[in-house]
Amino acid sequence: MELYGHPFSSYTWKAEIALYASGVPFEFRMLDPDHPDNGAVVAASTPTGKFPLLVDGDLSVFEATSIIEHLALSRPEARFLLPEDAREALPVRTMERVFDNYVMHPMQEIVAAHIRSPGAPDPVTLGRMRDLLDKSYPWLDSWLATYEPQHPVTLVECAAAPSLFYADWVYPIPMQLDRLRQWRAHLLALPAVARCVDEARPYRHFFPPGAPDRD
Ligand SMILES: N[C@@H](CCC(=O)N[C@@H](CS)C(=O)NCC(=O)O)C(=O)O
């Protein structure tokens with residue numbers, strides 16, 4: 001298996017966490033200006049060149065969630081990522097959507113606003129995305145009161161860890177949402193996640209809004 005991505009990319013983490021947690025061997029294919037051939041593979045295999053991309057033999061799988069589903073379906077050691085029973089899988093899939101749509105999306109939009117206008121991000125975009133996080137953070141804090149994971153790392157944790165890691169950088173989780181803050185810390189301590197965090201450290205100075213001196 002080959003995974004095309006970048007160590008600082010939140011969606012690359014999402015797939016990598018599943019790979020690291022399951023122990024499925026893979027080769028990492030770096031996407032950067034020094035590796036134009038890798039970029040060409042991604043451009044040719046995906047609708048808009050977004051990554052990660054997994055190449056498994058003749059099969060190309062894109063969209064981080066589909067990569068994780070592919071692992072769960074094709075590798076016995078990765079089955080724990082998603083319940084086989086469709087009804088049991090439904091809440092897992094729902095929470096993956098919650099993290100992508102209401103945490104990852106606003107985080108990415110805030111980062112994109114900084115890339116578009118360095119030093120002067122569009123305040124309307126920032127306001128709209130912070131409003132979204134102001135709704136998702138307390139909702140997630142309440143949800144955690146009843147969340148019982150079936151395994152330390154499932155599709156939920158793969159989606160939650162990178163989205164909460166970077167969202168907290170661009171718009172910190174309020175101090176009073178202690179459950180959510182503690183869960184973020186717990187996620188970052190999971191070996192598969194900690195490995196992604198460490199592999200991304202050399203790139204922190206590239207973070208457009210500026211990386212905080214923590215985590
Ligand atoms: N829906 C995609 C989103 C992937 C995505 O946004 N990837 C970012 C990196 S974290 C990317 O490709 N950015 C470069 C670009 O948009 O051209 C997925 O789930 O894999």
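In this predicted model, Asn 38 sits in helix 2, the stretch that covers residues 36–45. The residue is buried, because its relative accessible area is 12% and the cut-off for a buried residue is under 20%. Leaving aside residues up to four places away in sequence, Asn 38 touches Tyr 4, Arg 29, Met 30 and Leu 31.

Two other helices can be followed as a pair. Helix 1 spans residues 10–22 and helix 3 spans residues 64–74; their axes lie 9 Å apart, and the helices pack at an angle of about 10 degrees. Helix 1 is therefore roughly parallel to helix 3, since angles under 35 degrees fall in that class. On the helix 1 side, the contact involves Tyr 11, Lys 14, Ala 15, Ala 18 and Leu 19, which meet Ala 64, Thr 65, Ile 67, Ile 68 and Leu 71 of helix 3. Sorted by class, the residues of this contact are eight nonpolar, one polar and one charged.

The ligand comes next. Around the ligand are Ser 9, Ser 10, Tyr 11, Lys 50, Phe 51, Pro 52, Glu 63, Ala 64 and Gln 108. Among these surrounding residues are Tyr 11 and Ala 64, and both also take part in the contact of helix 1 with helix 3.

An oxygen atom of the ligand lies 2.9 Å from a polar side-chain atom of Lys 50. For Glu 63, a polar side-chain atom is found 2.7 Å from a nitrogen atom of the ligand.

Terms used: Residues numbered from 1 in each chain as written. Predicted model: local features only at pLDDT ≥ 70, side-chain atom pairs only at ≥ 80, totals over all residues. Heavy atoms only, no water. Axes fitted to C-alpha atoms, helices over the stretch in contact; angles between N-to-C directions. Helix = DSSP H or I, 4+ residues; strand = E, 2+ residues; numbered from the N terminus. Parallel < 35°, antiparallel > 145°, perpendicular 65-115°, else oblique. Contact = heavy atoms within 4.5 Å. Nonpolar A, V, L, I, M, F, W, Y, C, P; charged D, E, K, R; others polar. Buried < 20%, exposed > 50% of the residue type's maximum accessible area, 1.4 Å probe, protein only. Near = heavy atom within 4 Å. Polar contact = N/O pair within 3.5 Å; in protein donor to acceptor, adjacent residues only side chain to side chain.
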